[in-house]
Amino acid sequence: MGKLNLNMNHVDRARSKAEEIAKYTQAFIDEHTTVTIERTVCRLFGIDGINEVGVPLPNIVVDHIMENGRLGIGVAYYIGNAMLHMDLEPQAIAEKVADEDLNLCTLPFYPIEAIKDRIESVVLIQLNKISKNRQKREKYFQKYGDKKGPLLYVIVATGNIYEDTTQAVAAAKQGADVIAVIRTTGQSLLDYVPYGATTEGFGGTYATQENFSIMRKALDEVGEELGRYIRLCNYCSGLCMPEIAAIGAFERLDVMLNDALYGILFRDINMKRTLVDQYFSRVINAYAGVIINTGEDNYLTTADAIEEAHTVLASQFINEKFAEYAGLPEEQMGLGHAFEIDPKVENGFLYELAQAQMARQIFPKAPLKYMPPTKYMTGNIFKGQVQDALFNMVTVLTEQRIHLLGMLTEAIHTPFMSDRALSIENASYIANTMKDLGNEIEFKKDGIMETRANEVLGNALNLLEEIEDVGIFNALEKGIFAGIKRPIDGGKGLDGVIRKESGYYNPFIEKMLGGVKNV
């Protein structure tokens, strides 16, 4: 599609402001760890399973150190030290802690270099598992090729992993390229990851390692049948953000919802906890080759899409910089936005097209995630189908990549398989019949769309300058995003934030930031 004549000076300045915001925030992140991060280190060591009353072993080990020791030096310190004393692997050590046969905090400490040497082989074995998953995904793409144009992305949300699998396989056969398994209501507020296969979710299915494995197997099988690779998506957000990233890496998920601000604004999770957790979760996703999806689209479900469009762009700039700090290449940054302008707004389609094209131009390598209309879906399925068709047109014209399909029955019920089939048919028809239309048309110089895009860009720059002045924490307290205010020491999970002590040790961050090639 012809390009909007954007003010590139504003784009460069906005990136510079976002860089300063992220750098200041990263300094805070680097000084802290959390209980979730330490549980994630346990999971990356291969510690899995539950005790007799269903408590996950990573929780038991970390809680044990919280109560008896100094978690500020890192759980890896204790695990490595116990391995030297007892010549056991991390799983056996965790089981002894769970059985109260071992107190990690009373063992004399070996020198840190000896601990690092003992841990090294375990770390490399575990990272190699993730690397092999990444290589397997790449082999699938070499075998089948990857789809050009929008990836048709649908959700399943029955609450039963086996029923989800049936629906996911059906959606793949209907033409879906990405299957997202919606999480059960409230899972983001659980400070542990449930264990095993589950069948009792409400409005979605629990994110567990076993559920990931079951769905991965089903999508690989149907992919073999169809001659396509079907991507699997879930959510690493909430109080267990990096833990879910880790189990997703072990089970070869391809896409993860992973936003720095979503949990703060929409789940009232403490902002310190979320920002520290999101860093490690993105480091893991970067290493595993997982595309992250950010959650700016959600801002427009509570705020007006015309008046607050600039907050979406400002957040995209910030998320881009946070992702860079975590080692994510642009090709794995699924920055989010949404089609949420009130259908009654005159020329609303033009404003939406301008916003989508602006995002495409400013983040040219990112596989942008574009969300369908939801806020103004009324239950009128005929009007809803038209709204989705307009959304599908913008997607094709502006070359959005991750294309979550709207459902004509939005606002009525959780989609039936037949609803998904109609939505896939709608999107496929438009993608085919308009495939090259974007290359045939240009934007009118100083027209409605070009003027609108530059107005949004200018407002985003002003907002970033304001956030740079006060810092991201104060900005969130002021309710800059989505009109939602969160106190810096409020929300859930603050007690799980721990200042790192001198000598803090996490063996995975450095190696993961070094990339797959170094392992």
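This is a predicted model: local features need pLDDT of at least 70, side-chain atom pairs count only at pLDDT 80 or more; totals for chains, interfaces and linings use all residues.
Residues are numbered from 1 along each chain as its sequence is written, and side-chain values use heavy atoms, with hydrogens and water left out.

Let's start with the sheet. Nine strands make up an open, parallel sheet, in the order E7-E6-E5-E4-E3-E2-E10-E9-E8. Strands (E, at least two residues) and helices (H or I, at least four) are DSSP runs numbered from the N terminus, and two strands pair if DSSP finds at least two bridges between them. E7 (333-334) and E8 (336-338) sit at the edges with a single partner strand each, so one side of each has no neighbour in the sheet. E8 pairs with E9 (residues 369-371) in the parallel sense over three bridges, and Gly336 stands opposite Lys369 in E9.

Helix H16 (residues 417-433) lies across E2 (151-156) and E10 (402-404), at about 165 degrees to E2. Contact means heavy atoms within 4.5 Å; axes are lines fitted to C-alpha atoms, for helices over the stretch in contact, with angles from 0 to 180 degrees between N-to-C directions.

Now the cysteines. There are zero disulfides in the structure, a disulfide being a pair of cysteine sulfur atoms within 2.5 Å. The Cys233 sulfur has its closest cysteine sulfur in Cys236, too far for a bond at 9.3 Å.

| Cysteine | Relative accessible area | State |
|---|---|---|
| Cys233 | 0% | buried |
| Cys236 | 0% | buried |

Buried means under 20% relative accessible area, exposed over 50%, and partly exposed in between (1.4 Å probe, protein chains only).
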